[in-house]
Amino acid sequence: MPQGQVTSTPDDGLTTRQRRNRPLLVVHTGVMKGKSTAAFGTALRGWNQGWSIGVFQFVKSAKWKVGEEEAFRALGRVHEETGQGGPVEWHKMGSGWSWSRRAGTETDHAADAAEGWAEIRRRIAGAAHDLYVLDEFTYPLKWGWIDVAEVVEVLADRPGHQHVIITGRDAPPELVDAADLVMETTKVKHPMDAGQKGQRGIEW
């Protein structure tokens, strides 16, 4: 999209301003790292606009240290103390199955994920946030723990002006079709190919 110019103008009856300000459903998928990082970058922009930011992490363990979490919690405190930016909430949803391998059956983990999605549904219905980051949300969809058709319907019917970003590998085709913006990360090179493990400030 050269210089930010659109390639076509749809005959949808909307003004340029209305079209520019409509809420977006964004999907970051693919095999390479950077999906969550890109989502959090967008959330930073939203915070600067004074938006209410809601981050909901699926799959990662509650013990997993995420650098962005500490940064956003600090920004939340900045907003509370000075009024700058917007409010921030950060929640770890589900049980962290793929990272922590904590005790429990698959049924337990599916129930945890479903409970997390139910909370997000409630917030969307109440227009609680301006921007939602549903981090690693593609995994409970892929494993059948949360119904994809229901998610697509809820997001399509969401009230108000609420942006939603979903991250994770193997995004279901139905979700990709419903999204306004889809990014797929492709690996060209990675330090792990040369035997280098993750490091502070890069991976977490």
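This briefing covers the overall fold, then selected strands, helices, residues and loops.

The model is predicted: local features need pLDDT of at least 70, side-chain atom pairs count only at pLDDT 80 or more, and totals for chains, interfaces and linings use all residues. Residues are numbered from 1 along each chain as its sequence is written, and side-chain values use heavy atoms, with hydrogens and water left out. The protein holds eight helices and six strands. Helices (H or I, at least four residues) and strands (E, at least two) are DSSP runs, numbered from the N terminus.

**Overall fold**

- Along the sequence, the elements follow the pattern α-β-α-β-α-β-α-α-β-α-α-β-α-β.
- Of the 204 residues in the protein, 38% are buried. Buried means under 20% relative accessible area, exposed over 50%, and partly exposed in between (1.4 Å probe, protein chains only).
- Take the contacts between residues at least 6 apart in sequence: 81% of them join residues at least 24 apart. Contact here means heavy atoms within 4.5 Å.
- The protein exposes about 12100 Å², and carbon and sulfur atoms supply 51% of that area. Accessible areas come from the Shrake-Rupley method with a 1.4 Å probe; for residues, only the protein chains shown count as cover.

- Strand β1 spans residues 25–30, and six of its six residues are buried.
- In a regular strand the side chains alternate between the two faces of the sheet.
- Both faces of β1 are covered. L25, V27 and T29 are buried on one side, and V26, H28 and G30 on the other.
- β1 pairs with β5 in the parallel sense, over four bridges. Two strands pair if DSSP finds at least two bridges between them.
- L25 stands opposite V164 in β5.
- β1 also runs parallel to strand β6 (residues 181–185), joined by five bridges.
- There, T29 has E184 of β6 as its bridge partner.

**T167 in strand β5**

- T167 lies in strand β5, which covers residues 163–167.
- T167 counts as buried because its relative accessibility is 0%.
- Its side chain makes a polar contact of 2.6 Å with the side chain of D135. A polar contact is a pair of N or O atoms within 3.5 Å; within protein, one must be able to donate a hydrogen and the other to accept it, and residues adjacent in sequence count only if both atoms are side-chain atoms.
- Neighbours within four places in sequence aside, T167 is in contact with H28, K35, S36, A39, L134, D135, E136, F137 and T138.

**Helix α2**

- Helix α2 (residues 35–48) has 14 residues. It reaches 21 Å from its first C-alpha to its last, close to the 20 Å expected at 1.5 Å a residue. The expected span is 1.5 Å times one less than the number of residues.
- Its buried residues are K35, S36, A39, F40, A43, G46 and W47.
- They cover an arc of only 120 degrees around the axis, so they sit on the same side of α2. The arc is that of the directions from the helix axis to the C-beta atoms.
- An α-helix has 3.6 residues a turn, so residues three or four places apart point the same way.
- The face turned away from the buried side carries the exposed residues R45 and N48.
- G50 follows α2 and has a positive phi, near 85 degrees.

**L75 in helix α3**

- L75 is placed in helix α3 (residues 67–82).
- L75 is buried because its relative accessible area is 18%.
- Apart from neighbours within four places in sequence, L75 is in contact with L44 and W47.
- L75 and N48 are 27 residues apart in sequence, and their C-alpha atoms are 9.7 Å apart in space.

**R122 in helix α5**

- R122 belongs to helix α5 (residues 106–125).
- R122 counts as exposed because its relative accessibility is 52%.
- The side chains of R122 and E119 are joined by a polar contact of 2.7 Å.

**Loop residues with positive phi**

- A127 is not a glycine, yet its phi is positive, about 50 degrees.
- A127 sits in the loop between α5 and β4 (131–135). It counts as partly exposed because its relative accessibility is 41%.
- D170, a residue other than glycine, has a positive phi near 55 degrees.
- D170 is found in the loop between β5 and α8 (173–178). At 45% relative accessibility, D170 counts as partly exposed.
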